[in-house]
Amino acid sequence: IIELIHLASLVHDDILDEAERRRGLPTLNARWGNGLSVLLGDSLFAHALELSTRFESANISRAIARATRDVCTGEIIQTQRRFDLQMAIEEYFRVIELKTATLFAVAAELGATLNDAPRAQVEALKEFGRRLGSAYQIYDDCIDVSGREQLAGKTLGSDLRKGKMTLPMLRLLRNAPSIEKERLSQLILEGDSAAIAALLASGGALAFNESIDAGLECARMGKADVTTLPPTRAREALIAFADGIAAMLDSLRRRGA
């Protein structure tokens, strides 16, 4: 159910970003156009919510509905704040918590709930999911400015072109001297992704590394959340999951902006 919601959000994301590749294949909008793709995304959302009503506990479907609402809210805020040069870093973290981390959180929370875990463990896993979702979204935002499309399997640079104020961009703006900040602001408003990427490559190492550090800190805190759980293979798998995202972030740092 949660993966259906995730897929629906990706369909709508690709339409908004005019992306042409996703997971190494043409996006739905590239293949069939925006109109049909919007309807398909809506259908996926509706199907997921219909499936969620089949649980005996109404609390399950409520949690899934709230997560769906939060995903849409995050996307709405991000779309509203495109090209917003005054966006605060704190607002960025609010957006990624809504549009990405909430799905990780509800997956971890409901996995525990459906298996009758104690309330403290449910809350710990929910927070673990929230941290890991934030770490992954930071990775995704960093790879948009530093990755290679063949390896990423999707259209890169769309965040820059569409004026999405991601963490590397916000850090770059905050660190830039006044004269350079004015030039950078103009490039952002013009959606000049190539020039912005070149700036990040030439003088944005600090901004890029600070963004990586923020993602690593989220992964570290997520690991801390699950140390309170009983020492089982399941807990070790969750820790390995956090370590995997941390390794992905580290690989971007080694590659450089």
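Helices (H or I, at least four residues) and strands (E, at least two) are DSSP runs, numbered from the N terminus. The model described here is predicted, so local features need pLDDT of at least 70 and side-chain atom pairs count only at pLDDT 80 or more, while totals for chains, interfaces and linings use all residues. Residues are numbered from 1 along each chain as its sequence is written, and side-chain values use heavy atoms, with hydrogens and water left out.

We can start with the open spaces. On a 1 Å grid over the protein atoms alone, a pocket is an open set of points where a 1.4 Å probe fits, with protein on both sides within 12 Å along at least five of seven lines; lining residues have an atom within 4 Å of a point. A volume is the space filled by probe spheres set on the points, which are joined across faces, edges and corners.

The largest pocket has a volume of about 840 Å³. Its lining holds 37 residues, and His6, Leu10, Arg22, Tyr136 and Asp140 are the closest to the centre. Two or more lining residues come from each of α1 (2–17), β1 (21–22), α5 (89–113), α6 (119–146), α8 (158–161) and α13 (233–255), with α6 giving the most, 9 residues. By type, this lining divides into 15 nonpolar, 7 polar and 15 charged residues (Ala, Val, Leu, Ile, Met, Phe, Trp, Tyr, Cys and Pro count as nonpolar, Asp, Glu, Lys and Arg as charged, and the others, Gly among them, as polar).

The second largest pocket, of about 270 Å³, is lined by 13 residues, with Leu7, Val11, Arg22, Pro26 and Leu28 nearest its centre. At least two lining residues come from each of α1, β2 (25–26) and α2 (28–32), and α1 supplies the largest share, 4 residues.

Now for the interior. A nonpolar core is a set of buried Ala, Val, Leu, Ile, Met, Phe, Trp, Tyr and Cys residues joined through side-chain atoms within 4.5 Å, where buried means under 20% relative accessible area (1.4 Å probe, protein chains only). The largest such core has 48 residues, and Ile138, Leu184 and Ile196 have the most contacts inside it. Its largest share, 11 residues, comes from α6. Leu184 touches Met169, Leu172, Leu173, Ile196 and Leu199, leaving aside residues up to four places away in sequence (contact means heavy atoms within 4.5 Å). A second, separate core of 16 residues includes Ile15, Ala63, Ala67 and Leu103.

Ala63 and Ala67 are also among the buried residues of α4, which pack against α1, α3 (34–52) and α5.

Notes:
Buried means under 20% relative accessible area, exposed over 50%, partly exposed in between (1.4 Å probe, protein chains only).
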